[in-house]
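Let's take a walk through this structure, starting with the chain as a whole and moving on to its pockets and its aromatic rings.

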Amino acid sequence: MKSMKDLKYHAGIVLRIYPSDRQKRLIAVNSGCQRYVYNHLVAVNNEIYRLSKTSEFVPCDRKRIDYLRSVRHHSDIADQAPFLYGSEVDKYVIDNAIMNYQTAWKNQKERHLGVPVFHKKGYAQSYQTNCHYSKNGTGSVRFLDESHLMLPILKRIRFAGSKKRIWQILDRSHETAKNFIRIGTVTVSRDPCGDYYVSLSLASDTPFRECRPSVSAEKVSAAPHDPVGIDMNLSNFCTMSDGTVVPNPKYRKSVQPKIARQQRRVSRRLERAKAEGRPLKGAKNYQKACRKLAELHRKAARRREDFIGRVSSDVVKNHDFIAMEHLNVKGLLKNHKLAMAISDAGWYKFQTAVSQKAAAEGKTFVRVPAKNTTQKCSRCGHVCHGDEKVILGQDEWDCPECCAHNLRDYNAAANILELGLQIAETNSI
């Protein structure tokens with residue numbers, strides 16, 4: 001049987017699960033074990049880093065470093081913590097925790113995401129396991145029917161999800177099938193609201209859905225109504241070169257008064273529990289307030305995701321060529337005056353959704369550098385500099401070269417489309 005990395009197509013599915021009280025306890029146990037292993041590796045490497053500064057002059061520090069380097073492997077960690085051998089602990093918890101720690105260092109070196117830090121114990125829980133297949137082709141993680149799933153340690157568990165996707169996996173879950181789907185990493189988690197989910201990594205040699213052939217740049221240029229340029233902004237969610245303006249719903253801002261009120265309630269109950277000397281774990285009113293706060297955050301996030309999904313589907317459905325400015329969202333978030341508004345807009349998620357759906361539908365998607373898309377006149381090509389620059393908040397401006405009256409967002413969308421067509425034509429040569 002081929003491994004996950006040898007299969008050509010990869011996808012994922014998230015299902016809501018409904019564990020029993022016993023299964024909830026097992027999830028908590030395995031989540032704690034995975035957190036312990038990860039924090040053990042963080043502590044060991046932090047101590048090695050501190051001792052390395054003095055090991056050249058202190059012999060005992062060199063011996064301590066040699067010892068710490070020898071206790072970072074699977075067997076050594078399990079020997080130090082006998083509870084990891086328990087019958088309630090998944091045997092792949094240690095390996096996945098070590099792999100996650102190594103991935104964190106890889107992201108730090110390649111993407112500069114920061115060094116690994118300790119995982120704090122909170123209301124949210126998660127752990128990872130793997131699906132392994134026996135000689136007869138039966139996986140340790142498998143679908144029993146359209147409502148039940150078999151998981152290691154947890155055994156039979158009820159779930160809910162897309163019936164269409166589930167039957168697709170059920171029909172292709174046998175190794176003898178030509179379009180066999182293999183299950184890889186499995187993540188079991190509980191969110192801060194108390195709901196449980198399972199995420200399955202899937203792979204196959206055949207596509208999970210039928211993809212249409214991509215549209216060439218020549219065909220796009222011959223159909224003037226199909227291509228579109230999209231400018232992302234804060235006054236509106238986005239403005240398109242065909243004149244379409246999508247208003248910004250600002251879901252986080254709409255629930256912000258409720259969030260602020262609930263945060264004050266959480267703070268008061270926290271102070272009351274501390275004053276009475278009660279542990280926070282047993283402070284039921286405090287825990288209830290925290291869950292209500294998490295539900296408000298989740299409500300805003302889900303409404304935003306639904307909105308982005310609907311808008312991205314409409315864009316891909318109605319246009320064969322889509323050009324969008326490539327924004328450095330992480331850099332823009334450093335502006336503390338606009339950080340909340342930018343996060344509420346969900347620009348990066350929208351770009352990702354459009355690119356993925358365009359690839360699935362065979363449409364052409366191009367990311368355009370954002371430089372001078374606002375300062376350039378779409379009619380004569382003049383770029384404003386110095387005192388002529390279009391400042392933030394200026395919705396309309398007159399070109400100093402051709403005196404054309406430009407609407408800021410529509411002008412930027414037209415520039416994005418023009419540059420996107422140029423990029424597509426260059427790539428096709």
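## The chain as a whole

Of the 429 residues in the protein chain, 40% count as buried, meaning under 20% relative accessible area with a 1.4 Å probe and protein chains only (over 50% is exposed, and in between is partly exposed). This is a predicted model, where local features need pLDDT of at least 70, side-chain atom pairs count only at pLDDT 80 or more, and totals for chains, interfaces and linings use all residues. Residues are numbered from 1 along each chain as its sequence is written, and side-chain values use heavy atoms, with hydrogens and water left out.

The chain has twelve helices and 14 strands; these are DSSP runs numbered from the N terminus, with helices (H or I) of at least four residues and strands (E) of at least two. Its C-alpha trace spans about 75 × 60 × 55 Å along the principal axes.

## The largest pocket

What counts as a pocket here? On a 1 Å grid over the protein atoms alone, a pocket is an open set of points where a 1.4 Å probe fits, with protein on both sides within 12 Å along at least five of seven lines; lining residues have an atom within 4 Å of a point.

The largest pocket holds about 1,000 Å³ of space, a volume being the space filled by probe spheres set on the grid points. It has 28 lining residues, and Ala11, Gly12, Arg165, Arg209 and Gln356 are the closest to its centre. Strand β1 supplies the largest share of this lining, seven residues.

## The second largest pocket

Next comes a pocket with about 840 Å³ of space. Among its 27 lining residues, those closest to the centre are Lys121, Gly122, Tyr123, Ala124 and Arg190. Here α1 (21-51) gives the most, with six residues.

## Aromatic rings

The whole structure contains eight aromatic pairs; rings of Phe, Tyr and Trp (its six-membered ring) pair if their centres lie within 6.5 Å, and planes under 30 degrees apart are stacked, over 60 edge-to-face and the rest tilted.

Phe237, Tyr251, Phe307 and Phe350 form one aromatic cluster.
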